[in-house]
Amino acid sequence: FVPALRRKHVYLSALKPVFGLTYGMPTEATMPSVEWSVGQLSNGRNPDLGSAGILYCLPIIPMEGVAVRELIAMIDETLTHGGFVPYVTFNMVNRQSLECVINIAFDRRDVEESERAHAAIDRLFERCMSEGLIPYRVGIQHMRRLVDVGDPHWQLVRKLKEVFDPDGVIAPGRYNLA
């Protein structure tokens, strides 16, 4: 019994940095996985210094098997046939919905591969939007497609951003499209 507890303690200690994510504590524990996916390993501490690129699409989908199957087919058709290996995770949001994390990794040094990666994730984003699978987070390249400057919600967001960030230094180009 005691050896099993020790093994469990060692196992949990090794995962402690990842568990910190559930408490909102930043961690670098998963950084090497991005570099590994494009075949390069370095210190994994500063992704801007490496050659690994990662793009994502993060739609919310209904908590239904058919919705999951249809999204997987869409991912396969859009990303796999585009030459990328999608890394997909589903997380339960509530009884009715799942958040889906879809990542692709690519070598930023390869201009052609970078262009293909951006085009592939753009196609997936547009397909999700056209199916009503709205993302819960987007990259700056998709903000214009998500933010409706005429919507009262986004007008309030813009006013709040102007109050709390009058110089536009926090997340420039996001949320306050002019």
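This is a predicted model: local features need pLDDT of at least 70, side-chain atom pairs count only at pLDDT 80 or more; totals for chains, interfaces and linings use all residues.
Helices (H or I, at least four residues) and strands (E, at least two) are DSSP runs, numbered from the N terminus. Local features were taken at pLDDT of at least 70 and side-chain atom pairs at pLDDT 80 or more, whereas totals for chains, interfaces and linings use all residues. Residues are numbered from 1 along each chain, and side-chain values use heavy atoms, without hydrogens and water.

Helix H4 (residues 111-130) packs with helix H3 (residues 65-80) at an angle of about 150°, the axes lying 9 Å apart. The two helices are therefore roughly antiparallel (an angle over 145 degrees) to each other, and their crossing is right-handed (the near helix turned clockwise from the far one by less than a right angle). To the contact (heavy atoms within 4.5 Å), H3 contributes Leu71, Met74, Ile75, Glu77, Thr78 and Leu79, and H4 contributes Ala120, Ile121, Arg123, Leu124, Arg127 and Cys128.

The buried residues of H4 (under 20% relative accessible area, with a 1.4 Å probe and protein chains only) are Glu113, Ser114, Ala117, Ala120, Ile121, Leu124, Phe125, Cys128 and Met129. These residues pack against H3, strands S1 (52-57) and S4 (97-107), and helix H5 (143-146). Ser114 of H4 has a relative accessible area of 13% and is therefore buried; when residues up to four places away in sequence are not counted, Ser114 touches Phe106, Asp107 and Arg108.

Key
Axes are lines fitted to C-alpha atoms, for helices over the stretch in contact, and angles run from 0 to 180 degrees between N-to-C directions. Angles under 35 degrees count as roughly parallel, over 145 as roughly antiparallel, 65 to 115 as roughly perpendicular and the rest as oblique. Buried means under 20% relative accessible area, exposed over 50%, partly exposed in between (1.4 Å probe, protein chains only).
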